[in-house]
Amino acid sequence: MKTDRSTYARLVEELPYQHIADTPTVKHYTDWKVFDERLNLPFSTEVDRVPGVLSHLSFNVILGLDPVIVSRPRGVVIEALGGEAGNVEPMSLAGVHDKMSAYHAYRWRSGVIVEVEEGVDFGSMILLSLGGDAYTGHHIILNIGDEARGKIYIVDYAGPSKGLKTLVFEGIVGGEADVEVNVASLHSREHAVYTLGHIATGRRSTVASKILAAGGAMSRVQIDYIVEGEGAVFKGSASSIARPGAKMDIILNSINKGAESSVTLSGRGAVLNGGYMALRGSAIIGREARWASSEIELHVTLMGEAARGHAVPILEIHSGDVAKANHAAGISHVLEEQRFYLKSRGLSDEEAFNLLVSGIISYSELADDLAIYTLDVLNV
Amino acid sequence: MGLEVVDLTVKVRDKLVLRKVSLKVDYGTIHAVMGPNGSGKSSLAYAIMGREGYEVVEGDIRLDGESILNLETHERALKGVYIGMQDPPVVPGVKLSTLIVAATNKRRGESELTKMSDPRLVKRMQLVSSSIGLNTELLHREVNVGFSGGERKRSEILQAIMLDPKIVILDEPDSGLDIDGIKKVADYISDLKAKGKAVMLITHYARLLQHVMPDVVTVLIDGEVVARGGSKLALLVEEKGYNEVKKMYRG
């Protein structure tokens with residue numbers, strides 16, 4: 001049954017940005033004020049141009065004011081979603097529990113549903129979501145059939161305007177499928193972006209997810225991986241960079257629900273002088289996930305005296321039988337010792353700095369996949 | 001010719017860590033620098049590499065007869081001086097292979113440091129890694145992150161082989177290694193000598209020197225040279241201890 005948009009409008013008024021403080025010592029890792037100041041923006045009348053750093057890519061879908069379906073890989077059906085009173089029933093998996101997800105459900109206008117047939121090897125497909133001069137909202141639904149194979153890239157770009165963008169993607173990966181669902185969130189330092197992902201994986205599926213994030217005025221990027229199927233394997237890795245003036249809250253959550261399922265999540269963040277980043281993640285092993293394993297490891301490197309950051313991993317175990325469970329986090333300044341070490345290999349100060357930054361940017365390998373020169377990410 | 005340290009006095013903050021130290025490391029020789037903890041062995045290596053905070057109060061450091069005192073660390077490295085650190089730091093985000101590629105590209109004058117311009121380089125990295133007992137999977141891991149003590153030592157040696165320096169300073173390359181590991185390191189050091197490199201081998205114990213025959217041994221205590229001799233000096237240190245050797249040489 002379809003929910004009337006006015007219901008979501010009411011929820012935007014009623015729901016808080018978050019229900020509880022993030023931790024006893026830090027109330028909000030996201031600066032919600034930046035979103036609050038932009039909630040009344042009108043709909044964008046112009047969307048961003050594809051920036052040079054992405055211009056070499058062949059997009060299958062471009063989400064701007066309206067969805068543009070450029071091409072469909074073999075065995076893949078892509079249909080447009082959205083419109084003011086159109087086929088709107090978002091948040092079917094993730095739910096609407098807070099102000100920003102209600103806001104997205106109320107206002108998004110452009111989206112696609114991607115259906116991958118069973119057993120199809122679709123190669124790769126790239127879906128581009130562009131920001132605009134005011135508010136832009138995009139919604140993507142992925143239904144990936146059993147035993148399907150291929151790589152999906154969601155490129156979440158927001159250009160140099162003081163706009164607001166919401167992007168929600170939700171997907172189901174079928175049993176014994178072997179896919180990647182990768183996300184590049186590249187936001188200019190003027191834009192505020194709320195990105196929410198929710199991927200559920202089927203029995204004995206193998207799912208990988210590479211993340212590359214460069215933050216904006218406030219970028220909150222949360223992706224929840226629900227490893228539902230028995231024996232499902234999930235591996236996620238993230239690279240994120242907070243440039244001067246940028247604020248980011250990157251949250252990667254996993255929940256093992258399937259018996260003998262396996263999760264490995266790791267993230268690296270670099271915060272330049274004047275930037276802010278929270279790199280967070282929860283690894284939760286559910287009650288029914290017997291003999292499951294989950295590992296999460298996050299590290300943030302502060303690359304200047306005025307860089308601020310948090311690395312926050314959480315491990316919750318609800319099952320009595322666990323194969324493996326680890327969590328680790330680190331946060332450090334670039335040490336004189338590290339600079340000396342790199343310089344002793346023949347690199348100048350600037351080259352050592354760039355190597356550290358590009359190393360973190362290329363950690364998830366998504367920059368390589370998309371053929372993005374790592375230092376170009378700094379100039380988005 | 002090779003490396004020459006002349007009357008070198010160095011302070012860190014306000015503390016003198018080296019006093020009038022002089023030594024020569026000629027090409028095709030191994031010069032062992034021994035001393036107890038805190039004697040200034042690592043400070044000597046850092047001063048030679050021009051590490052920040054190691055202020056040269058007087059004296060000189062010369063490479064092939066030319067002073068390198070005014071060169072920055074990376075410039076000394078590019079001139080052919082290499083340090084294998086005793087406890088190398090973790091470098092999150094930078095893979096070991098990426099570091100080697102960048103350092104190699106820099107020496108070759110490539111504009112993009114991290115671009116793999118020569119596929120043979122990867123093959124060579126793998127071959128060398130295997131030959132020194134370093135798991136090749138570590139090439140794809142971040143530098144020293146999660147490496148054991150022995151893996152860190154082998155990684156330092158791998159980089160030394162790949163970068164092919166003229167002067168190789170190895171700071172306690174045997175610590176954290178088992179006997180087989182020590183023998184491999186010893187073989188590598190002997191090989192360096194055979195190739196005409198100048199090797200400065202910093203070591204705390206003489207156990208590595210049972211497998212490598214140094215040409216010259218210098219003993220440092222409290223930042224000063226207290227004894228110098230041939231390979232037999234290392235055996236004397238092992239037998240008598242540092243203080244006794246100091247008394248024997250200094251009276």
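**Surroundings of His104(A)**

Leaving aside neighbours within four places in sequence, His104(A) is in contact with Gly137(A), Thr166(A), Val168(A) and Tyr194(A). The model discussed here is predicted. His104(A) belongs to helix H3 of chain A, which covers residues 99–107. His104(A) counts as buried, because 25 C-beta neighbours lie inside 10 Å and the threshold for burial is 20 or more. Val50(A), by contrast, is 54 residues from His104(A) in sequence and 23 Å from it in space, taken C-alpha to C-alpha.

**Contact between chains A and B**

The contact between the two chains draws 23 residues from chain A and 25 residues from chain B. On the side of chain A that touches chain B, the elements giving two or more residues are strand E15 (262–271), strand E17 (292–302), helix H4 (336–343) and helix H5 (349–361). By class, this side of chain A has 9 nonpolar, 8 polar and 6 charged residues.

Since 6 of its 8 residues are buried, H4(A) is largely enclosed by the rest of the structure. The buried residues are Gln338(A), Arg339(A), Phe340(A), Tyr341(A), Leu342(A) and Lys343(A). They pack against H5 of chain A and also against two elements of chain B, helix H2 (73–78) and strand E7 (91–95).

**A helix pair in chain B**

Helix H3 (residues 96–108) and helix H5 (residues 149–163) of chain B pack with their axes 10 Å apart and at an angle of about 25°. Because angles under 35 degrees count as roughly parallel, H3(B) is roughly parallel to H5(B). The crossing of the two helices is right-handed.

From H3(B), the residues that meet H5(B) are Leu96(B), Ile100(B), Ala103(B) and Thr104(B). Their counterparts in H5(B) are Ser155(B), Gln159(B), Met162(B) and Leu163(B). The contact of H3(B) with H5(B) comprises 5 nonpolar and 3 polar residues, with no charged residues. In an α-helix, residues three or four places apart point the same way, because there are 3.6 residues a turn.

**An open sheet in chain B**

Chain B contains an open sheet of 4 strands in the order E2-E1-E4-E5, paired antiparallel. Strand E2 (15–26) and strand E5 (66–67) stand at the edges with a single partner strand each, so one side of each has no neighbour in the sheet. Strands of a sheet pair through backbone hydrogen bonds.

Leu63(B) has Glu66(B) in E5(B) as its bridge partner.

**Non-glycine residues with positive phi**

Asp7(B) is not a glycine, yet it has a positive phi of about 45°. Asp7(B) lies in strand E1 (residues 2–12) of chain B, one of the strands of the open sheet. Asp7(B) counts as exposed because 11 C-beta neighbours are found inside 10 Å, and the limit for that class is 12 or fewer.

Arg204(A) likewise has a positive phi, of about 55°, although it is not a glycine. Arg204(A) is placed in the loop between strand E10 (192–201) and strand E11 (206–214) of chain A. With 19 other C-beta atoms within 10 Å, Arg204(A) is partly exposed.

Methods. Residues numbered from 1 in each chain as written. Chains lettered and ligands numbered in written order. Predicted model: local features only at pLDDT ≥ 70, side-chain atom pairs only at ≥ 80, totals over all residues. Contact = placed C-beta atoms within 7 Å. Nonpolar A, V, L, I, M, F, W, Y, C, P; charged D, E, K, R; others polar. Pairing = 2+ DSSP bridges. Axes fitted to C-alpha atoms, helices over the stretch in contact; angles between N-to-C directions. Parallel < 35°, antiparallel > 145°, perpendicular 65-115°, else oblique. Left-handed = near helix turned anticlockwise from the far one by under 90°.
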